[in-house]
Amino acid sequence: MNHFGIVIMAAGKGTRLKSALPKVLHTVGGKALLLHVIDVARTAVTAENILVVVGHQADRVETAAAPTGVRFVLQPEQLGTGHALQCVQRWFQDNKVAPPENLLVLSGDVPLIRPETIAELRDMHLREHAAMTILTAIPEDPSGYGRVLRKQDGSDDVAGIIEQKSLSDDMLATPERLREINSGIYAFDTQKLFDRLGRLQNTNSSGEFYLTDVAAMLVNEEERVIAIPVDSVDEVLGANTIAEMMHLDASLRERTTAKLMAQGVTIFRPETVTIDASVEVAADTILEPFTQLLGKTKIGPNCRIRSYSVIENCVIGEGVLIRNGSILADSIIGDGAQLGPYCHIRPESHIGAKAHVGNFVETKKTTLGEGSKANHLAYLGDAVIGTGTNIGAGVITCNYDGVNKHRTTIGNDVFVGSDSTLVAPLTVESGAYIAAGSSITDDVPADALALARARQVTKPDWAKHKREALKQARKSHT
């Protein structure tokens, strides 16, 4: 692919979306439209050989795509697809960079395009020595799309591309001949493309320079223009409305669940789960209905994720059980751990192997060591907890003094009694016991017992005398 470069069109506004967000930054399948296309492009060429044409809110689009390593071409005015390629041509000239022998042109709002389709388009373009190769589709209803006219000799050659509004009455009278649409995805012989860009005209109702006019020039000048239909129409569909965007989202997620099930993942009621395209799940893991796996989550084998759990950007080991309604973000869960129901694992938590985090337990920036347990109603923030430690119900690490966060360090095999408050900064060394209901403000040495509560006072018959006094008061009142 060294003799190939890729151009991604991402300069448009997307007016019909009625959104302040640039069209290509709208999210489907857990990722911006443009980032899906860049990921596919990077399967064919290295990132530095990908040029993204930006225009509307260019800074915002560049910020989103810059981590991928692609390069950017500014189209300051959005004057059509042909004008976008004129900007690309000038970019090569201004940067004194030799253009590749061939250019693939992709749309930044077509996230379902597959690497296999791009490879097939590339290979046919090279094999047939074409000046231009057009990726086409044959939808049930081609209305609104430009149509591809084939030559009547039975070959793959194209006679021209006609926009919907330019179709004649005779053409509309034979719709079966005009169902093949132009997807807006092309491969070009770069030099033959660049030789013709300067001759494009904008004498049309939109006042724009159309890249499709290059096809007519090439055909008229007896250069070869061919077309290849895509297997699935969905691959080349963009989105002009939020409703169409959600259709793309549903298609991407259906593709993701199908891939995971083919890899040995059991998904009950796959139509109910939400799994982002970047998620990885190993074989023999079970996903129950209405789970959400988001971002770059990676789940190991033999796990069970129960209904209504939401997991985002987490790494989960082997044999983990996550019970119903648990929320996890940006954390690591060790092998054999059990979480939930209804726990909240906040960012930078590390739950060790075989550890237990129970119902209504919240962790934040906390390490819970192997085999340790926090089974009920606890808050563990900015804490490092060793192995084999038991955190009782209602325990709180008081990590915030109103200005700064402080750490609580708890050693191995510690017992922290229920309703204890641990006021950081604090160290509780291994083997120590904290009595229930204690408020611990000083470090606790190894194997010690720490109590920090008032001595209990019991007054015999106090309640009996109180009731008798109340009874006499009511008689006096009546």
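A crossing of two helices counts as left-handed if the near helix is turned anticlockwise from the far one by less than a right angle, and as right-handed if clockwise. By that convention, α1 passes α2 in a right-handed crossing. The model is a predicted one, in which local features need pLDDT of at least 70 and side-chain atom pairs count only at pLDDT 80 or more, whereas totals for chains, interfaces and linings use all residues. Residues are numbered from 1 along each chain as its sequence is written, and side-chain values use heavy atoms, with hydrogens and water left out.

Helices (H or I, at least four residues) and strands (E, at least two) are DSSP runs, numbered from the N terminus. Axes are lines fitted to C-alpha atoms, for helices over the stretch in contact, with angles from 0 to 180 degrees between N-to-C directions. The axes of α1 and α2 (residues 58–65) come within 10 Å and cross at roughly 50°. That makes α1 oblique to α2, given that angles under 35 degrees count as roughly parallel, over 145 as roughly antiparallel, 65 to 115 as roughly perpendicular and the rest as oblique. In the contact (heavy atoms within 4.5 Å), L34, L35 and I38 of α1 meet V61, A64 and A65 of α2. These residues divide into 6 nonpolar, no polar and no charged, where Ala, Val, Leu, Ile, Met, Phe, Trp, Tyr, Cys and Pro count as nonpolar, Asp, Glu, Lys and Arg as charged, and the others, Gly among them, as polar.

A second pair, α3 and α6 (residues 190–197), packs at an angle of about 110°, with the axes 10 Å apart. The two helices are therefore roughly perpendicular to each other, and their crossing is left-handed. Here G82, L85, Q86, Q89 and F92 of α3 touch L193, F194 and L197 of α6. By class, this contact has 5 nonpolar, 3 polar and no charged residues.

Next come the pockets. On a 1 Å grid over the protein atoms alone, a pocket is an open set of points where a 1.4 Å probe fits, with protein on both sides within 12 Å along at least five of seven lines, and lining residues have an atom within 4 Å of a point. Grid points are joined across faces, edges and corners, and a volume is the space filled by probe spheres set on the points. The largest pocket holds about 1600 Å³. Its lining comprises 42 residues, with K23, T81, S107, D109 and N240 nearest the centre. Among the elements that each supply at least two lining residues are α3 (81–94) and α8 (242–262), while β10 gives the most, with 4. This lining has 15 nonpolar, 19 polar and 8 charged residues.

The second largest pocket has a volume of about 510 Å³. Of its 20 lining residues, K31, H36, K259, A277 and S278 are the closest to its centre. The largest share of the lining, 5 residues, comes from α8, and α1 (33–41) and α4 (115–127) each supply at least two. The lining divides into 8 nonpolar, 4 polar and 8 charged residues.

Finally, some backbone details deserve a look. Most residues other than glycine have a negative phi, and most peptide bonds are trans. The peptide bond from G340 to P341 is cis, with omega near 5°, and P341 is found in the loop between β24 (338–339) and β25 (344–345). The bond from A424 to P425 is cis too, with omega near 0°; P425 lies in the loop between β37 (421–423) and β38 (426–428). K365 has a positive phi, near 50°, and sits in the loop between β28 (362–364) and β29 (367–368).
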